[in-house]
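Biologist: I would like to learn how to read a protein model. Could you take me through one, feature by feature?

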Amino acid sequence: MYRRDNFEVPEEPAEGKKKAKLIIMIVLAFFAVTVIYGLITVILFIRDVKGHFDESNKVADATRRQFLEALQKNYGLEKKDVTITDERGGGSGYPIYEFLTPKGRYTAEIGKYSVCTDYYNGEFYSVAEERIRAALKETEAFAERDFVKLDIDCIFVGSDQYSHRGTLNLLPVWVNAAEIEKFKNDEIDKERWQKEVCVRYTIAFDGSDGSVIEKAQLESLRDKLGYFVEEICIRDTLGDASAYWWYNYNLRTNILEKDTIIH
C-alpha cells in the first residue's frame, strides 16, 4: 500500500495487470486476424474478377475468330475486308455484331450452333417473294385477284431451334449466293431449310367480295412454301375500306386464325 493525500491506496495486484495485458493482446490479435482475412478476401475477389475477365476475353476472341472464319467460308470475305464496329455480349459467346464490309454495313447474331446475318437478305427476299407470289397465283382463292406485299420478315431461328423468335431479320450464314441460286431453282435441302429458315409474309387485297377464305383453300401452299415460310398473313379489305378480314395461316401447323377488324 502507499499513501495519497492521507489515504491509503492499495497497490494493483500483479494478476490484474496480466489480465489487462491479455485482453489488449486478444483485441489486437482479433483486429490483426480481421485485417488479414479482409486482405485475403479482397485479393481472392480481385483474382476471381481478373480470372473471369480474362476468360470472357478469351471467349470473345475465340468467337470473333469463328465468326470471321464463317464469313470467309460462306461469303468469301477475307478477314481484312471485315471490320466489327460494335459488339454486344461478346464475353457470353453468343454476341450480336455490327460489321462493315466493302458491300455495306450488316448485323450478325451468334447462336449456340449457328451464325446468322442479314448479308444476303436483299437477294433472298427478292427470290422468296417470287416463289410466294407464284404459289399464291396458283391457289384458287387468289388466282384472279391482285395483291400487294406489305412485309416480309425472316425470323432468326438457327440450327439450335430457339424457342422464341429473335428480334432481327437474319439468315443462317450458309444461305449465301450459291444457296440462294439453288433456292431459286428449287434444288435445296428442304429439310434443312425448314429447320433453319423461318419467313413471315404479309399480303393485302383490296375490294373483297365479302367471302371468307377457308383453311382448305390454303392447304396447297404447305407443300409449295412450307419448307421456308412459317406464316402468311392476309389483310382482305371489305367494300367501303372501313373494315377488313385478317387471316393468320401457319403453314407448319396448318392452323388458320381469322378475325374481322373495324377501323
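Biologist: Let me begin with one residue. Is N74 buried or exposed?

Modeller: First, a caution: this is a predicted model. Now the idea. A residue counts as buried under 20% relative accessible area. N74 has a relative accessible area of 18%, so N74 is buried.

Biologist: Where does N74 sit?

Modeller: N74 belongs to helix α1, which covers residues 14–75. The side chain of N74 reaches back to the backbone oxygen of A70, at 2.9 Å. Leaving aside neighbours within four places in sequence, N74 is in contact with V173, W174 and N176.

Biologist: Now the wider view. How many helices and strands does the protein have?

Modeller: The protein has five helices and 12 strands. Buried residues make up 38% of its 263 residues. The protein exposes about 16100 Å², and carbon and sulfur atoms supply 55% of that area.

Biologist: What share of the contacts joins residues 24 or more positions apart?

Modeller: Take the contacts with a separation of 6 or more. Residues 24 or more positions apart account for 58% of them.

Biologist: On to sheets. How do strands of a sheet pair?

Modeller: They pair through backbone hydrogen bonds, either parallel or antiparallel. Here, five strands form an open sheet in the order β3-β4-β5-β6-β8. The pairing is antiparallel.

Biologist: Which strands stand at the edges, and why does that matter for their neighbours?

Modeller: β3 (83–88) and β8 (171–172) stand at the edges. Each has a single partner strand, so one side of each is left without a neighbour in the sheet.

Biologist: How many residues of β5 are buried?

Modeller: Five of the seven residues of β5 (residues 104–110) are buried, so this strand is largely enclosed by the rest of the structure.

Biologist: What tends to happen to nonpolar side chains?

Modeller: In soluble globular proteins, they tend to be buried together. In this model, the largest nonpolar core has 56 residues. F124, W193, V197 and F228 touch the most other members. Helix α2 (residues 121–137) gives the most to this core, with seven residues.

Biologist: Pick one of those residues. What does V197 touch?

Modeller: Set aside residues up to four places away in sequence. V197 then touches F124, C154, L171, P172, W174, V175, F228 and R252.

Biologist: Where are D186 and N254 found?

Modeller: Both are in loops. D186 is in the loop between α3 (177–184) and α4 (190–196). N254 is in the loop between β11 (243–250) and β12 (255–262). D186 is partly exposed, at 37% relative accessibility. N254 is buried, with a relative accessible area of 14%.

Biologist: Which residues is D186 in contact with, beyond its neighbours within four places in sequence?

Modeller: D186 is in contact with R131 and Y227. Compare sequence with space for one of these pairs. D186 and R131 are 55 residues apart in sequence, and 9.5 Å apart in space, C-alpha to C-alpha.

Methods
Residues are numbered from 1 along each chain as its sequence is written. This is a predicted model: local features need pLDDT of at least 70, side-chain atom pairs count only at pLDDT 80 or more; totals for chains, interfaces and linings use all residues. Side-chain values use heavy atoms; hydrogens and water are left out. Two strands pair if DSSP finds at least two bridges between them. Helices (H or I, at least four residues) and strands (E, at least two) are DSSP runs, numbered from the N terminus. Buried means under 20% relative accessible area, exposed over 50%, partly exposed in between (1.4 Å probe, protein chains only). A nonpolar core is a set of buried Ala, Val, Leu, Ile, Met, Phe, Trp, Tyr and Cys residues joined through side-chain atoms within 4.5 Å. Contact means heavy atoms within 4.5 Å. A polar contact is a pair of N or O atoms within 3.5 Å; within protein, one must be able to donate a hydrogen and the other to accept it, and residues adjacent in sequence count only if both atoms are side-chain atoms. Accessible areas come from the Shrake-Rupley method with a 1.4 Å probe; for residues, only the protein chains shown count as cover.
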